[in-house]
Amino acid sequence: VARSFSELPGNWRTGWLNLFHFWQEGGFHNVHNIMIHKFQKFGPIYREKLGLYQSVNIINPEDAATLFKSEGNYPERFMVPPWMAYRDFRNKPYGVLLKKGEAWRSDRLILNKEVLSLQVIDCFVPLLNEVSEDFVKRVRVQIEKSGRGRWTADLTNELFRFALESVCNVLYGARLGLLQDLIDPEAQNFIDAVTLMFHTTSPMLYIPPSVLCRINSKTWRDHVQSWDVIFRHADKCIQNIYRELRLDRKSTKEYTGILSSLLVQDKLPIDDIKANMTEMMAGGVDTTSMTLQWAMFELARTPVVQEQLRAEIFAARQAAQGNILKMLKAIRLLKAVIKETLRLHPVAVTLQRYTTQEIILQDYFIPAKTLVQVGIYAMGRDPKFFTKPELFDPARWLKMDSTYFKGLGFGFGPRQCLGRRIAELEMQLFLIHMLENFKIETKRGVDIGTKFDLILIPDKPICLTLRAL
Ligand code: HEM
Ligand code: 2DC
């Protein structure tokens, strides 16, 4: 018979002391390494308490499977307290990110049809493809300016602009012009606000929402201001499309983006449409851009893989005779490159679910309503699950005996990432065009670590060189 919940290893009896130690160890930017350390110390399952929040942490793919198989129809993850506090404070509606129960499920089913289903994703390809092509043009201009056949830079902000331009083209069916030299300052403010919003979330992660507004700290004020900018700018974008749609009402057969589809369908109330458009706009900037930055960095450090990938892309282009939809079906290694990038550099340090019933993990009883976290960052770097985990070896995904519950970068099941298909296509198309046009290089021996800023990001700027092929 399994052991009891109170027998779980871990220092879970002293919540406030833990929070203090955590803070002392610079834990707010180091959550991912602290987790690896705890799995080493306690084994594949441990219980912990930070402030008021208790959780059970697991690392084993089989245990992740047990957790997700019992998640039911209304899966719930950890609700980021400052994000809830902001919406309650300003009286803003929740989108799927923060909704629960039937309210979450009905919105999510409507959104899935327009954002995730196989029927619509083909419509995204031309919209995302043109943005990637424009990014290549922009790089070419920079290379010409340099007069040396190459461009060396920290691409962070360039990629933020690319990512926002991409996601907005599928959301609104309209270009924002972010790949030109001079861009709308409000768009840049939006980009900066999203980064600041993530950055100010991590120090407030373990403080309950009700306490947050009262303390009125600098972090909280910056957080509120960032969300204010995010909501205001998203609202402006939505209004623009809304007005256009009512003005010309030309029902051409052409696909005009997710917002138009949602408005024409008329199944979601306008406030819910707005809340979800705002979440998707904000969710579409730092996630894909950081992943692409990591992918280019890893490809630059492993030129052999870069050449193999380029060869696959050229072959796919030839075989598909330029038909991009066909091409996307013949790029197995590229898909593996993205999986491998997310293994080493996941956006989310953990996936979490509240258990809906009692389950058994590693032979311990876990009661219903317990927050269980799957440490996907730790899993991705553990030699028990990936041989030579430190190697960037995308082909491992094509060779492994089983990838069962190992590729979890976008989460799992009905609550997985809503933007997954957009993100995947956007990143695939970006890498296709970049590899067809440039060689990606980086200085040897520069080690880049990881920083937890709510999402995981590089701990210092990554400098890349793009050389015209
Ligand atoms: C949720 C990862 C890009 C919007 C999530 C989750 C993960 C994730 C791990 C939690 C899933 C779970 O609990 O099972 C990523 C990664 C991305 C990415 C790795 C890119 C590399 C995007 C984009 C958008 C987006 C581009 C917007 C279009 C969302 C939303 C949720 C979510 C709205 C909450 C869904 C819900 O609760 O129903 N994402 N994401 N993400 N993501 Fe993403
Ligand atoms: C952060 O302990 C660490 O995709 C916490 O696009 C647990 C946790 C809960 C939810 C996770 C979050 C972590 C990281 C960022 C995620 C978020 C769910 C969605 C969000 C993974 C792991 C993200 C980046 C969304 C953000 C959309 C938002 C800007 C409107």
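View 1. Glu48 is buried, with a relative accessible area of 13%, where buried stands for under 20%, exposed for over 50% and partly exposed for what lies in between, using a 1.4 Å probe and protein chains only. Lys38, at 21% relative accessibility, counts as partly exposed. The two residues form a salt bridge whose closest N and O atoms are 2.8 Å apart, a salt bridge being a side-chain nitrogen of Lys or Arg within 4 Å of a carboxyl oxygen of Asp or Glu. This pair links distant parts of the chain, with Lys38 in helix H2 (residues 31-42) and Glu48 in strand E1 (residues 45-50), 10 residues apart; helices (H or I, at least four residues) and strands (E, at least two) are DSSP runs, numbered from the N terminus.

This is a predicted model, in which local features need pLDDT of at least 70 and side-chain atom pairs count only at pLDDT 80 or more, while totals for chains, interfaces and linings use all residues. Residues are numbered from 1 along each chain as its sequence is written, chains are lettered from A and ligands numbered from 1 in the order in which they are written, and side-chain values use heavy atoms, with hydrogens and water left out.

**View 2. Arg175 and Glu165.** The closest N and O atoms of this salt bridge are 2.5 Å apart. Glu165 is buried at 0% relative accessibility, whereas Arg175, at 33%, is partly exposed. Both residues also belong to a network of salt bridges that includes Glu130, Asp134 and Lys137.

**View 3. Arg343 and Glu340.** Within helix H16 (residues 332-344), Arg343 and Glu340 are separated by about one helical turn because they are three residues apart.
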